[in-house]
Amino acid sequence: MSLTGVRLAVGGFALAAAGISAYLVTVHYAKQPIACFAGGGCETVQKSAYSEIGGLPLAVLGLVAYVALVVATAIRGELAAVASFALGLSMGIFAVYLIVVQTVVLDAICVWCLATDSIGLLLVGLTVLRLRLEPQPLLR
Amino acid sequence: MRSLTRRGRVLSAAAVAVLASAALIAASATGAQGKSSAQAAPAAAAAADQNKLWHVVQLFYANQGVENKGWLSEQLVVAVAKATPGLDVKKLDTARKGKAVDSRMTTWQQLASSAGVNSTPSFFAGTKGKLGPLAVTALDVPQFRKALNTLINAK
């Protein structure tokens, strides 16, 4: 896979996750029910004590992080690749935590959250791949 | 000063990412603990003004769901208030969002902390006017009998 291909994949997945997060932010503030499939655990997860940190919905944090990743992906160079990797890794670790919370603590699955969590995990690999493919700067 | 090598930059970024996610996880897990009681407590504290604290607390416990699953919604707080006989719901609603209740909650929290109350339920008993935590590990009669007998027989 070429560097451009990897960057397009990272950008595409991050954009998709940002879109899902934007939807969750919108329904949260509009106090609308979430369109949920497969089991209907979305409301349970979104209204749980784990859906916010310090009063800020996790969806907002997710939206900010995924948009930041889209921006870092649009920028060429090693520094942007390192920043993408740091963002991807932290998203991946937090995604594992959120999957454990849904499956073990809450025993309810929010498909939207699971989709963004899966993308978060996938992005760890893709951002590592970008880092490997990114050429080193000639001068330091 | 020499700049970092690529390996150094990547390792630094990884360390920052791990620390940031660990901080987020800690904040999330800590914040989730007791979130339900944080919503119920102001309502109970405001009900105290109308001498209905125990009625409100009793109704919350009667409708308690699984811990940290978000069972305590705004709707439940309103439903509990409406279901409490003799409670002025409008008065309670204004009071529970007010500064007086906020300050009362802080005082109660400080009292609880200084007394060593860190879980629900906590029991205190004592002789000669001196109260101390009652060491029970289960909510049954033999446990309480044993703990109280130990307290009574202690010099």
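View 1. Residues 24 or more positions apart account for 49% of the contacts in chain B with a separation of 6 or more. Contact here means heavy atoms within 4.5 Å. Chain B has seven helices and two strands. Helices (H or I, at least four residues) and strands (E, at least two) are DSSP runs, numbered from the N terminus. From the N terminus on, the elements run α-α-α-α-α-α-β-β-α. Of the 155 residues of chain B, 25% count as buried. Buried means under 20% relative accessible area, exposed over 50%, and partly exposed in between (1.4 Å probe, protein chains only).

Residues are numbered from 1 along each chain as its sequence is written, chains are lettered from A and ligands from 1 in the order in which they are written, and side-chain values use heavy atoms, with hydrogens and water left out. In this predicted model, local features need pLDDT of at least 70, side-chain atom pairs count only at pLDDT 80 or more, and totals for chains, interfaces and linings use all residues.

**View 2. The surface of chain B.** Chain B exposes about 10600 Å². Carbon and sulfur atoms supply 61% of that area. Accessible areas come from the Shrake-Rupley method with a 1.4 Å probe; for residues, only the protein chains shown count as cover.

**View 3. Asn51(B) in its loop.** Asn51(B) sits between helix H2 (35–48) and helix H3 (53–62) of chain B. Its phi is near 60°, a positive value in a residue other than glycine. Is Asn51(B) buried or exposed? Asn51(B) counts as exposed because its relative accessible area is 67%.

View 4. The expected span of a helix is 1.5 Å times one less than its number of residues. Pro121(B) is partly exposed, with a relative accessible area of 43%. The C-alpha atoms of Pro121(B) and Leu139(B) are separated by 9.4 Å, although these residues are 18 apart along the chain.

**View 5. Chain A as a whole.** Chain A has five helices and two strands. Read along the sequence, the pattern is α-α-β-β-α-α-α. Buried residues make up 46% of the 140 residues in chain A. Among contacts in chain A between residues at least 6 apart in sequence, 76% join residues at least 24 apart. Chain A exposes about 6800 Å², and carbon and sulfur atoms supply 71% of it.

**View 6. Helix H4 of chain A.** Helix H4 covers residues 78–106 and has 29 residues. H4 of chain A reaches 40 Å from its first C-alpha to its last, close to the 42 Å expected at 1.5 Å a residue. Just after H4(A), Asp107(A) takes a positive phi of about 55°.

**View 7. The largest nonpolar core.** A nonpolar core is a set of buried Ala, Val, Leu, Ile, Met, Phe, Trp, Tyr and Cys residues joined through side-chain atoms within 4.5 Å. In soluble globular proteins, nonpolar side chains tend to be buried together. Which members of this 22-residue core touch the most other members? They are Leu24(A), Val45(A), Tyr50(A), Phe94(A), Tyr97(A) and Leu106(A). Helix H1 (3–29), helix H2 (42–46), helix H3 (58–74) and H4 of chain A each give two or more residues to this core. H4(A) gives the largest share, five residues. Phe94(A) touches Ile53(A), Leu58(A), Ser21(B), Leu24(B) and Ile25(B), not counting residues up to four places away in sequence. Apart from this core lies another, of 18 residues, among them Ala43(B), Ala46(B), Val56(B) and Ala81(B).

**View 8. Arg130(A) and its surroundings.** Arg130(A) is found in helix H5 (residues 111–133) of chain A. Arg130(A) counts as buried because its relative accessibility is 1%. Leaving aside neighbours within four places in sequence, its contacts include Leu3(A), Val6(A), Arg7(A), Ala72(A) and Ser84(A).

**View 9. The largest cavity.** How many cavities of 30 Å³ or more does a search of the whole structure find? The search finds one. About 40 Å³ of space lies in the largest cavity. A cavity is a set of points, on a 1 Å grid over the protein atoms alone, where a 1.4 Å probe fits but cannot get out; lining residues have an atom within 4 Å of a point. Lining residues include Leu24(A), His28(A), Gln46(A) and Pro57(A). H1(A) gives the largest share of the lining, three residues.

How values were computed. On a 1 Å grid over the protein atoms alone, a cavity is a set of points where a 1.4 Å probe fits but cannot get out, and a pocket is an open set with protein on both sides within 12 Å along at least five of seven lines; lining residues have an atom within 4 Å of a point. Grid points are joined across faces, edges and corners, and a volume is the space filled by probe spheres set on the points.
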